[in-house]
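Colleague: I have a few questions on this model. Can you put it up?

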Amino acid sequence: MAIIIDETKAVCVQGITGREGRARAKLMRQFGTNVVGGCTPGKGGQDVEGVPVYDTVKEVVDAAGGVDVSVVFVPARLVKSAAIEAIEAGVKLIMLVPDRVPLWDAMAIAEVAAAHGAEFIGPNTLGVISPGRAVLGMIGGRAESAKQWFNEPIAGRTVGVISRSGGMSSSCGYYLSRAGLGVSTICHVGGDSVLGLTFPEVALKFQDDAETDAIVLFGEIGGSMEERLAALMASGQVTKPVIAYIGGKAAKEGTRFSHAGAIIEGNRGTHAGKVEALRQAGATVVESFGDLPAAACAALGVQVPKQEH
Amino acid sequence: MARLHEYQGKALLSQHGLAIPKGLVITAADDAAPSLAAIGGSAVMKVQAWVTGRKALGGVRFVHTAEEATRAAADMLGMRFGLFPVQDVLVEELVDIERELFVSLTIDDAARAPLLLLDCAGGSGIEDRASAVARIPVSVTDGVDADLLRGVFADAGIEPGQHDALVTAIDTIVATAQSVEARSLEVNPLVVLKDGRVLAADCRVTIDDYAVFRHPELGIEIARELDHPPTALERIAYDIEQADHRGTFYFAQLPVEGVEVSSGLVGFHGAGGGGSMMSMDAVTNEGFTLANFCDTSGNPSVAKVYRAARIILAQPSLQGYFGSGSGVASQEQFHSAYGMAKAFNELGMTLPVVIRLGGNAEDRAVEILEDACAGLPATIEGYRKDDTPAFCAKRFTALVEASDGPTSSDLQRSVPAFVGSAAATSIAIDGGHVWIDTEHCDADLTGRMAGWSSGLLEDDGSGCPQLAVALEDAQAADSEFITCEVECLRAGRPVLFVDLPIAGLDGEDA
């Protein structure tokens with residue numbers, strides 16, 4: 001098993017005729033994702049890398065006999081209408097890849113999604129990858145790299161990864177794999193302030209996933225998702241071992257280092273507060289990112305391999 | 001900055017129908033007395049600054065005479081909060097307050113929705129009464145539930161006669177926040193006057209950086225959260241980012257004045273927010289001081305990475321250049337290698353450089369960087385995903401220690417002699433020109449240039465390159481041409497140069 005994405009899920013690519021959409025549709029297929037169709041208004045009837053193109057999501061849904069996930073690659077200012085189109089076409093999981101989606105657009109999407117019982121990932125997500133199965137978005141880049149970087153699940157030593165940083169989600173997957181661990185799914189929830197799935201929701205999916213033995217987090221300052229996950233652990237809803245690194249210890253209040261969500265406002269979302277909440281709830285929190293693989297091995301009772309440099 | 005001053009926020013509220021005290025903004029002490037007279041003889045003067053506890057810091061004064069007003073204005077305009085000098089003072093009428101409320105619209109990341117914080121005991125000291133604050137959910141489509149508000153007012157003992165006016169005021173605050181796409185809008189306090197009128201007595205607004213493009217009316221120059229007024233380089237960087245949407249480019253200078261520099265001052269070039277923060281930790285752990293934060297990520301174009309490197313190196317007194325992102329980048333890393341290699345070559349780089357280029361196509365990226373920079377005075381090293389940030393930082397320390405002390409202050413951009421010469425071929429592209437030294441081309445080289453430029457160039461029949469596509473199709477191909485330029489360099493045949501002068505750095509457009 002895996003969470004969110006596997007080879008059986010029917011995937012639609014919105015904005016498939018654009019620069020990113022075209023490139024990513026091809027890479028997703030090469031990795032094993034079941035891309036059933038794509039759409040761009042006015043471009044219906046074309047073909048992108050063997051994927052049929054339609055004008056609307058609804059047409060993809062009708063032609064494919066259902067779409068499980070729609071991945072959005074359109075300019076940021078058009079993301080709101082694209083996402084709502086997919087939700088209204090009945091798609092239950094939408095992935096919003098673009099960066100710089102306005103906050104009020106993200107909140108409007110959240111309101112429509114909630115009303116339709118749909119979930120979304122992002123905005124500003126690199127994607128989700130289930131090694132050996134399928135990928136959504138652009139995580140891992142080239143298929144052959146992604147296959148080489150991330151181990152498939154290994155019985156008794158498989159981690160699920162959740163990250164607020166795109167690059168670091170790949171890093172976590174790679175270094176954990178090098179330490180001899182298997183990976184069920186890597187989920188980059190996105191770097192923005194308002195996101196669809198966040199740590200608590202994804203952790204609950206890992207909790208229910210028989211293949212996942214432990215959960216590894218790359219957290220950051222700002223927002224409340226680390227604290228909310230800690231609350232789920234404290235209340236016994238997440239019982240699998242959680243191993244975490246929280247970035248941004250040195251960041252100052254009110255200055256932003258790239259991620260819109262990584263900003264401390266007042267006394268909310270501080271590094272110390274997150275570390276304390278997770279430790280109180282029983283998580284292992286490492287001080288240095290380089291210590292994450294060894295801590296994950298220790299939590300799973302697996303011997304830590306020797307590392308160079 | 002995507003933050004607005006009190007008077008700007010109040011103007012927005014007023015446009016949406018919420019009353020505000022009569023006020024005038026002054027920028028010179030001489031304007032204080034006439035403003036006071038216009039307001040009506042007595043006034044409160046307030047510095048316009050992004051600081052909490054303004055009153056305790058001397059930023060609020062009550063004045064009753066022209067002399068008091070002039071003195072207060074002179075004092076206030078000489079103040080500085082953090083790195084921001086005070087430039088505006090609000091002179092405002094005094095109002096007769098019966099009740100103060102704290103009203104703040106913020107974003108609840110857990111609910112993925114706006115959230116209204118409301119405290120009817122309002123006013124100052126709100127930070128100490130967090131638990132007393134009512135948290136009222138707000139819908140993007142339906143706004144605030146008036147019945148919920150009335151319930152809070154009733155619980156606080158506010159007489160029913162005031163409820164309607166307060167509901168209207170809060171609706172206006174929410175509508176204003178939504179119309180300008182604020183990530184927060186605080187009115188502290190919202191006041192009920194003795195005569196029953198409801199006024200916004202203060203206002204703080206922060207606009208969502210990502211929505212600023214939809215609000216030219218706000219006049220926000222730089223949609224970035226910084227703890228200082230934007231520097232000249234930050235403005236240049238911001239303009240570049242606005243003009244080129246291929247990937248993300250973020251540049252912020254860090255305070256170095258008064259910071260004790262031990263190992264040296266470093267230009268930092270990160271890739272990705274999380275990886276950058278981690279890499280910055282690694283360099284600072286080695287005792288270095290970072291001059292800046294910079295992030296080029298999200299599959300940025302070669303041209304964007306080139307411009308970022310130029311901007312980083314335009315900072316004075318740097319003793320080295322350190323680049324590192326997550327180390328396992330999904331993007332193909334040779335694009336960044338080409339961009340940096342061009343910048344380092346143009347500047348005849350003398351400072352030591354360590355770039356961690358781990359990720360897709362890392363071997364090719366490292367080879368391009370090291371090979372293209374092999375002839376430069378500086379030692380320039382590329383690293384891969386299996387080289388940890390800590391290892392790269394240690395290597396950087398060794399290179400800086402071995403360096404004989406050149407700094408970025410001495411770097412100067414130079415362009416080849418054939419640029420601008422009548423004998424050379426020139427192709428106009430977005431942001432500059434491609435120059436080709438056709439006199440030194442031959443059929444073999446031209447054939448290779450066709451490949452390096454992704455087919456934009458072809459042999460004109462005489463062994464010289466010419467454009468293979470329509471001029472308009474070549475216009476946005478700055479990155480392909482830079483790739484070709486760097487490959488020509490690597491081949492020892494520097495016959496092509498992409499001249500992309502950076503406005504503000506290289507003078508006016510060539």
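Colleague: What are the ground rules?

Modeller: This is a predicted model, in which local features need pLDDT of at least 70 and side-chain atom pairs count only at pLDDT 80 or more, while totals for chains, interfaces and linings use all residues. Residues are numbered from 1 along each chain as its sequence is written, and chains are lettered from A and ligands numbered from 1 in the order in which they are written.

Colleague: How do α3 and α4 of chain A cross?

Modeller: The axes of α3(A), residues 79–88, and α4(A), residues 103–116, cross at roughly 5° and come within 9 Å. That makes the two helices roughly parallel, a label for angles under 35 degrees. Axes are lines fitted to C-alpha atoms over the stretch in contact, with angles from 0 to 180 degrees between N-to-C directions. Helices are DSSP runs of H or I with at least four residues, and strands are E runs of at least two.

Colleague: Which residues make that contact?

Modeller: From α3(A), V79(A), K80(A), A83(A), I84(A) and I87(A). α4(A) brings D105(A), A108(A), I109(A), V112(A), A113(A) and H116(A). Contact means C-beta atoms, placed from the backbone, within 7 Å.

Colleague: Switching to domains, what is chain A divided into?

Modeller: Domain 1 (10–121) and domain 2 (150–300), with bounds from an automatic or database domain assignment. Their C-alpha centres lie 27 Å apart. In chain A, 8 residues of domain 1 are in contact with 7 residues of domain 2.

Colleague: Which element gives the most on the domain 1 side?

Modeller: α4(A), with 4 residues.

Colleague: And in chain B, how many residues do domains 3 and 4 put into their contact?

Modeller: Domain 3 of chain B gives 13 and domain 4 of chain B gives 8. On the domain 3 side, α9(B) gives the most, with 6 residues.

Colleague: Last one: is S330(B) buried or exposed?

Modeller: Buried, because 30 other C-beta atoms lie within 10 Å; the cut-off for buried is 20 or more, with 12 or fewer for exposed and partly exposed in between. S330(B) is in strand β19 of chain B, residues 329–332.

Colleague: What does S330(B) touch?

Modeller: Leaving out residues up to four places away in sequence, the list includes L126(A), M138(A), S170(A), G359(B) and N360(B).

How values were computed: Parallel < 35°, antiparallel > 145°, perpendicular 65-115°, else oblique. Contact = placed C-beta atoms within 7 Å.
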